[in-house]
Amino acid sequence: MSYLRINQWKLIVISAVLLGLAPLLFVQAEVACSHAEITVQGNKKLAAGKMGERALVNSNRDYAFTKVPKCLQGLNYISHPHKESVSVSGSVKVGGRMYVCLTDGLTPASLKAPGEWKEAGKMTGGDANGSNSWTVFQCDFTNGQKFAIGSAGKWGAVVVAGKIEAGKTKLPTLSKARKSASRSRSHSRAPGGSLDDEFGLIAGRLRVRKAGGDHYDRLAAEVFRKPALLFMEDRDPVDVVLRRTAALLEDIKKMKDAPDLSKHSAQLAGFKTQAAQVPVDDADARKKLFAEICKVRRQIAFSNPLVNFDKIIFATHHKTHGHMCDQYFGFHARKGGSIYVLENAFSDKPVARDLLKGEKIRNGRLKGKTLAEGSHMSLELSYDAKTILFAWTEALNTKYKWSEQSTYHIFKANIAPGKPVNLTQLTDGKTNDFDPCFLPSGRIVFISERRGGFGRCHGRPVPTYTLHTMRDDGSDIIPISYHETNEWHPSVDNNGMIVYSRWDYVDRDSDIAHHIWVTYPDGRDARSYHGNYPIRREMRPWMELANRAIPGSHRYIGVSAPHHGQNYGSMVLIDHQIPDDNAMSQLKRITPDVQLTESEKIPGIALGRGRNNGGEVYGQPWPLSEDYYLCVYDPGQRHYALCLMDSFGNREILYRDPSVPCLDPIPLRPRTKPRIIPSMTTQAVEDKALMPKRPATISVMNIYDSDFKWPEGAKVTSMRIVQLFPKATHNANQPAIGLAAQSLARGVLGTVPVESDGSVYFEAPVGVPIYFQALDAQGQAIQSMKSNTYVHESEQLACQGCHEPKLRMSGAKRKMTVAQALKRPPSKIKPDVEGSFPLTFPRLVQPVIDKKCLPCHVKNAKKKAPNLSGKQFGRGGWSKAFETLHKYGWGKSGGNGALFKNGNSRSVPGKIGAKASRLLAHLTGPKGHHDLKLTPEELYRITLWIDCNTNFYGAYLETEKQARGGLVMPSVE
């Protein structure tokens with residue numbers, strides 16, 4: 001292929017904020033031209049490559065180009081490390097056209113590049129985290145002409161030409177440079193590899209295998225099936241694949257309706273003999289033998305009686321913004337993809353058919369249009385396999401500006417053979433709606449931002465999205481979760497319950513608890529049975545997503561995903577019937593070859609402080625049994641393929657779309673519908689007609705029935721109910737609510753009595769997040785929740801105790817008596833003192849200071865008495881009195897790493913709030929504080945303030961008014 005005769009472009013300098021992979025788009029028609037042959041040099045390291053689909057942009061990152069125009073394909077190019085921008089200079093050996101592609105408003109002139117440059121078009125590029133627009137400039141150069149292109153910032157310059165030399169020095173290839181950089185940047189990562197090079201992938205993992213010790217022992221204890229491990233005696237990939245294939249064959253032979261596998265057993269026996277005879281250092285022979293074993297393994301895998309279907313539906317979808325929340329914002333989506341059915345899925349010639357090609361929307365704002373331009377995700381199949389749900393966005397890049405064109409909406413389509421598709425839009429508006437799931441009752445549960453509020457730990461707008469339901473025609477949309485932080489991925493388990501992931505933190509580390517939760521289909525009684533209070537956050541997954549019930553099992557399959565990443569990771573099995581040790585007791589690793597992302601350096605070795613260090617290899621598992629699953633898979637964590645895998649460590653690639661990664665594989669066949677659990681609330685239209693509305697109540701049978709030890713002699717006389725106010729502002733700690741970072745604004749609804757037997761029964765407010773505190777006779781908190789709950793219209797929520805044990809020994813005898821509180825009508829919440837709802841320091845505590853403390857402190861100001869003024873203000877808009885006193889209070893922070901600061905993720909009974917504060921000890925200690933005498937109510941106001949995390953503000957807006965003692969109600973309840 002001649003450099004002088006091919007229709008190519010000469011020189012391209014690429015510098016962009018690469019936040020995603022998007023198409024390269026050139027508006028100028030191709031023009032036949034020659035291509036410059038150049039000699040280059042840089043002030044830092046350069047590397048060379050061949051331009052084409054998924055060509056690397058930088059020599060130390062995975063950023064890549066897609067949809068490269070034909071005129072560029074095959075051209076040579078140079079690049080350098082990301083964030084190590086290089087000034088490139090050189091001379092033209094053979095004249096021709098060159099191109100420079102820049103972003104951030106840069107031009108060749110701004111980089112002092114000589115020549116008459118003209119704009120030639122636009123393109124985009126990046127990685128799974130997002131994309132930006134690039135401008136393409138062109139210029140013609142003559143033989144011998146010199147050129148110089150200045151540094152273009154952190155993304156630097158990529159030079160493309162017909163032929164590129166670097167004098168006498170040979171340029172290293174970009175792929176080798178990237179691998180070298182990857183090893184030096186994170187030598188402890190589990191190695192990646194090519195989807196098509198399983199031999200090399202296993203060989204790489206064998207090289208980093210540790211020689212026994214705690215690492216190996218931990219993996220051996222936590223793996224679900226031992227063959228999935230790398231054994232110490234494994235010499236090379238041949239040994240590994242032989243052992244794993246044998247385990248697969250033996251398991252299938254035990255199944256009902258198992259096929260005759262005697263031929264394959266004989267073949268494996270022969271391979272074992274060959275493996276013993278072929279030297280391990282004969283790489284070519286070992287690779288050939290490996291390939292032969294894999295062919296037989298594929299035949300065995302496809303003979304599995306569980307694979308009794310031949311069609312799989314799936315979506316294609318580009319990975320987007322690299323954060324667990326932002327990945328579901330429509331303006332981050334990259335256009336491309338659709339919904340497909342893979343026919344002849346378990347053959348060597350599967351065919352993917354676009355189910356939506358040419359189909360027009362039948363209703364709504366987009367009526368008459370197709371979904372050809374946009375992004376699809378969140379695929380779901382009905383129980384009779386005739387209807388699909390999915391989310392789609394026009395993917396308008398408005399970046400943190402919400403509009404109908406830049407948010408996800410839910411669609412429904414009929415896929416029954418011979419029937420009209422009837423593509424219907426179910427939701428619309430300026431909120432993201434996604435993750436739809438059919439409920440057995442016929443309603444649809446989904447995730448939506450309609451609840452309101454924002455996340456607490458972000459530096460950008462990140463709305464809270466939670467569980468909602470609607471009728472199957474998109475009407476009667478109602479929230480069924482009033483949680484104040486994000487939720488994901490509802491599915492229905494074998495008992496008809498909704499399982500989903502919740503981000504859960506109240507006055508504790510924000511990055512340790514986003515795991516599986518369970519709730520009734522009407523939203524009642526949301527509970528966590530697993531993983532909510534880790535002792536050491538690196539000893540278990542940071543996040544569990546895509547959780548689904550396993551057919552015929554009480555267990556669930558899920559993905560150990562990163563907090564600072566997306567819906568991919570290492571696959572795990574979850575078992576709620578095992579006591580939770582706040583580590584890995586309820587978890588088994590399905591894929592021990594991949595680390596628990598953000599928790600581990602490599603599998604089995606803790607990372608310590610969290611960061612996304614790779615490992616987003618597997619995604620969206622659909623369990624066929626406890627041992628077999630469909631999923632998506634890519635060791636390169638970028639271009640995912642459909643995969644059949646098992647718990648023994650075997651994988652078979654079924655299909656890979658040539659341009660867009662695969663997502664959400666589901667067998668296209670009917671499945672058993674779980675039982676319908678009757679609704680016990682009156683939220684939905686159909687439920688209002690079935691039962692009269694009644695007050696929502698909460699009951700606790702025995703507050704002392706706990707999975708922790710109460711302090712000796714502790715007596716709870718009342719229970720405080722505190723309402724949390726979802727954040728109404730975008731950025732973390734704006735405003736700084738109080739002593740602790742990322743603290744929630746809150747208000748004390750009041751107290752209810754606790755009977756002598758520990759029982760509680762009261763009417764509760766509907767539709768707001770609340771938490772409880774157990775109080776002693778002085779009204780001081782002994783214990784406090786680190787989570788929240790809520791009730792719906794007419795709900796009767798009941799708890800056994802305060803964090804009662806989730807599992808009890810079977811057959812244990814318990815005294816069956818009626819709780820005293822249930823023998824009377826439910827208590828009404830007794831409102832608390834003025835200034836406690838919303839709870840603000842100026843309204844709750846400052847009046848006490850002004851009356852009992854300020855005169856003396858003003859009098860002794862010259863003696864350096866602390867400033868307790870409520871009319872002078874300092875940092876955060878806080879009063880001087882708060883600045884003086886808050887450091888002696890008590891507060892637990894949110895934020896990444898707060899577990900280290902807080903000391904634990906749970907409350908320690910008797911050592912929380914006012915009881916643990918220095919201020920209470922100072923005011924009530926044996927020596928007292930001079931001649932200060934506080935009334936019981938005045939002391940109560942101070943202890944109430946400290947018990948509620950030592951906050952200053954009670955709402956997120958109008959902070960100056962609050963600071964001066966004004967009443968400001970929260971904008972989101």
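Student: Let's start with D326: is D326 buried or exposed in this model?

Tutor: This is a predicted model, so keep that in mind throughout. D326 has a relative accessible area of 0%. The cut-off for calling a residue buried is under 20%. Because its value is 0%, D326 counts as buried.

Student: Where does D326 lie, and which side chain does the side chain of D326 make a polar contact with?

Tutor: D326 lies in the loop between β12 (311-316) and β13 (339-343). Leaving out residues up to four places away in sequence, D326 touches H321, H332, Y400, R460 and V462. Its side chain makes a polar contact at 2.7 Å, and the partner is the side chain of R460.

Student: OK, over to K412. Which side chain of opposite charge is nearest to K412, and how far away?

Tutor: K412 is in strand β17 (residues 409-414). K412 is buried but has no salt bridge. The nearest side chain of opposite charge belongs to D472, at 4.6 Å.

Student: Why does that not count as a salt bridge?

Tutor: Side chains of opposite charge can pair when their charged atoms come close. The cut-off for a salt bridge is within 4 Å. D472 is 4.6 Å away, so K412 has no salt bridge.

Student: Then what lies 2.9 Å from a polar atom of the side chain of K412?

Tutor: Look at what K412 touches: residues including T387, N422, L426 and D472, not counting those up to four places away in sequence. Stay with D472, and look at its backbone. The atom 2.9 Å from a polar atom of the K412 side chain is the backbone oxygen of D472.

Student: How many salt bridges are there, and how far apart in sequence are the parts that E198 and R297 tie together?

Tutor: The count comes to 55 salt bridges. One of them joins the side chains of E198 and R297, at 2.9 Å from N to O. E198 lies in helix α2 (residues 198-207) and R297 in helix α6 (residues 283-302), so the pair ties together parts that are 99 residues apart in sequence.

Student: Are E198 and R297 buried or exposed, and which residues are in a network of salt bridges with them?

Tutor: Both E198 and R297 are buried. The salt-bridge network takes in this pair plus R298, D348 and E652.

Student: Which element gives the most to the lining of the second largest pocket?

Tutor: That pocket holds about 840 Å³ of space. Of its 41 lining residues, those closest to the centre are S528, Y533, H803, E804 and K806. β41 (770-775), β42 (781-784) and β43 (796-799) each supply at least two lining residues. With three residues, the element that gives the most is β41.

Terms used
Residues are numbered from 1 along each chain as its sequence is written. This is a predicted model: local features need pLDDT of at least 70, side-chain atom pairs count only at pLDDT 80 or more; totals for chains, interfaces and linings use all residues. Side-chain values use heavy atoms; hydrogens and water are left out. Helices (H or I, at least four residues) and strands (E, at least two) are DSSP runs, numbered from the N terminus. Buried means under 20% relative accessible area, exposed over 50%, partly exposed in between (1.4 Å probe, protein chains only). Lys and Arg count as positive and Asp and Glu as negative; His and the chain ends are not counted. A polar contact is a pair of N or O atoms within 3.5 Å; within protein, one must be able to donate a hydrogen and the other to accept it, and residues adjacent in sequence count only if both atoms are side-chain atoms. Contact means heavy atoms within 4.5 Å. On a 1 Å grid over the protein atoms alone, a cavity is a set of points where a 1.4 Å probe fits but cannot get out, and a pocket is an open set with protein on both sides within 12 Å along at least five of seven lines; lining residues have an atom within 4 Å of a point. Grid points are joined across faces, edges and corners, and a volume is the space filled by probe spheres set on the points.
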